[in-house]
Amino acid sequence: MAHRTQRHRPQGHLTREHRPQGHLTRRTRTLLAAALLAALAGCGTGDPGDGAAPVKKAAPAVPKPAAAPAGLPGMPPLLDPKDVYAADRPDKLSPVVKNFPSRVYVPNTNSNTVSVIDPATYQVVETIPVGIQPQHVVPSWDMKTLWVNNNRGHTLTPIDPATGVAGKPVEVHDPYNLYFTPNGKYAIVMASLDRELVFRDPHTMERKKTVPVSCYGVNHADFSADGRYFVVSCEFSGELLKVDTEKMEVIGQQRLPFEGAMPQDVKISPDGKTFYIADMMAHGMWVLDGEKFTTPTLLPTGKGCHGLYISRDSREMYVPNRGEGSISVFDFEKDRLTKKWWLPDGGSPDMGGVSADGKVLWLSGRYDSEVYAIDTTTGKQLARIPVGGGPHGLAVYPQPGRYSLGHTGIFR
């Protein structure tokens, strides 16, 4: 706003305030003197000196903090705005899952089976026949069902985690991977070869909306802290998508700045500010600002960087490097890699999850027909368990959390 300037008057013109005192009447001078004495008497008391009640100075206005953007309608609010994983603390099991037996479900892509491991004994206790080329075992949003993604069989096999019994397969085309919107309204099938994101009813799997994409090989994803968008990796064309959850529309797309990039797993940081994308050909993680969706930077981890799993205290992320038989450990607070664990006899650590108590990291050995159990404190291999051929997206179940966003278990 422009300042108001004082109007200049002609030099010979005197205002009433600037006339010599001799021009004032005696009565006027008397009244001015009285007013001056009254004003001096009021100094230091806050009294204006005219007999009125004291006037309190108005407190300085305190600016209100900017309101946080509203989350996806129907999404349960975060327990802690500074930690999207606050509901995933050790053994903090939902009443829905607390009585389920603790098991590790391993989809064997070459054997068309699911191996079921008892983590207490490190033994396979059951082998469940499923459809052709099972890729991932995915907990449903309400956590009551485990869905086996039979990619080339074009079906989803439901497993009841309370009994371990498989139900009747549901016909779903090209289900490479499966996610759920944070409000539980839709299941999202990652139809990798169909080049589609298919939004379906989360219970019946009835198709609701199909979103064709121009990239090739949609496979993994994770959601923003407010649930309003999610980031998808496109394995075979080396691209990333940004998708509006509510509108079910692609709102951003970019090619990764690496020739031959093959992005895999996607995870958001605990503070919700950064997305990490594993890349098995760039041999590291892409670090992405999801809001801006600008070009990410690469943090090298190891050959064949593949999966991303958060510790139960939200401090670290375990990063299996499938091409060299190692697991890198990333510290969120320090913003750097702090440890690297090597499997003693080599291996091909791929997808998996963390035990309910946070003490064991479970990973499939994709090319070695085995599963690894790793101590999350020391990095020591606890067990090496033979399973079927081509083990892939295993699910540790149950896990802490209030609801599932899909994959092998992303819980909020």
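Predicted model: local features only at pLDDT ≥ 70, side-chain atom pairs only at ≥ 80, totals over all residues.
**Notes on a disulfide, ring pairs and charges over rings**

1. Now for the cysteines. How many disulfides does the structure hold? There is one. A disulfide is a covalent bond between the sulfur atoms of two cysteines. Here the partners are cysteine 215 and cysteine 234, with their sulfur atoms 2.1 Å apart. The angle about the S-S bond is -50°, and the link is left-handed. What does the pair tie together? Cysteine 215 is in the loop between strand S12 (207-212) and strand S13 (218-223), while cysteine 234 belongs to strand S14 (residues 229-234), so the link joins parts that are 19 residues apart in sequence.

2. Are these cysteines buried or exposed? Cysteine 215 has 0% relative accessibility and counts as buried. Cysteine 234 is buried as well, at 0%. While you are looking at cysteines, cysteine 305 is another buried one, with a relative accessible area of 0%.

3. Next, the aromatic rings. A pair of aromatic rings is described by the distance of the centres and the angle of the planes. The count of aromatic pairs comes to twelve. One of them joins phenylalanine 223 and phenylalanine 230: the ring centres are 4.9 Å apart and the planes meet at 45°, so this pair is tilted. Planes under 30 degrees apart would count as stacked and over 60 as edge-to-face, which is why 45° falls in the tilted class. Phenylalanine 223 is buried at 1% relative accessibility, and phenylalanine 230 is buried at 0%.

4. Here phenylalanine 411 returns. Its ring pairs with that of tyrosine 397, with centres 6.5 Å apart and planes at 35°, so this pair is tilted too. The two residues link distant parts of the chain: tyrosine 397 is in strand S29 (residues 395-397) and phenylalanine 411 in the segment after S29, 14 residues apart. Tyrosine 397 is buried, at 1% relative accessibility. Together with Phe100, Tyr397 and Phe411 form one aromatic cluster.

5. Finally, look for charges over rings. Which ring does the charged end of arginine 195 sit over? The ring belongs to tyrosine 216, and the distance to its centre is 4.3 Å. Lysine 242 lies over the face of tyrosine 229, 4.4 Å from the ring centre.

Methods. Residues numbered from 1 in each chain as written. Heavy atoms only, no water. Disulfide = S-S within 2.5 Å. Helix = DSSP H or I, 4+ residues; strand = E, 2+ residues; numbered from the N terminus. Buried < 20%, exposed > 50% of the residue type's maximum accessible area, 1.4 Å probe, protein only. Phe/Tyr/Trp six-rings, centres within 6.5 Å; stacked < 30°, edge-to-face > 60°. Lys NZ or Arg CZ within 6 Å of the ring centre and 35° of its normal.
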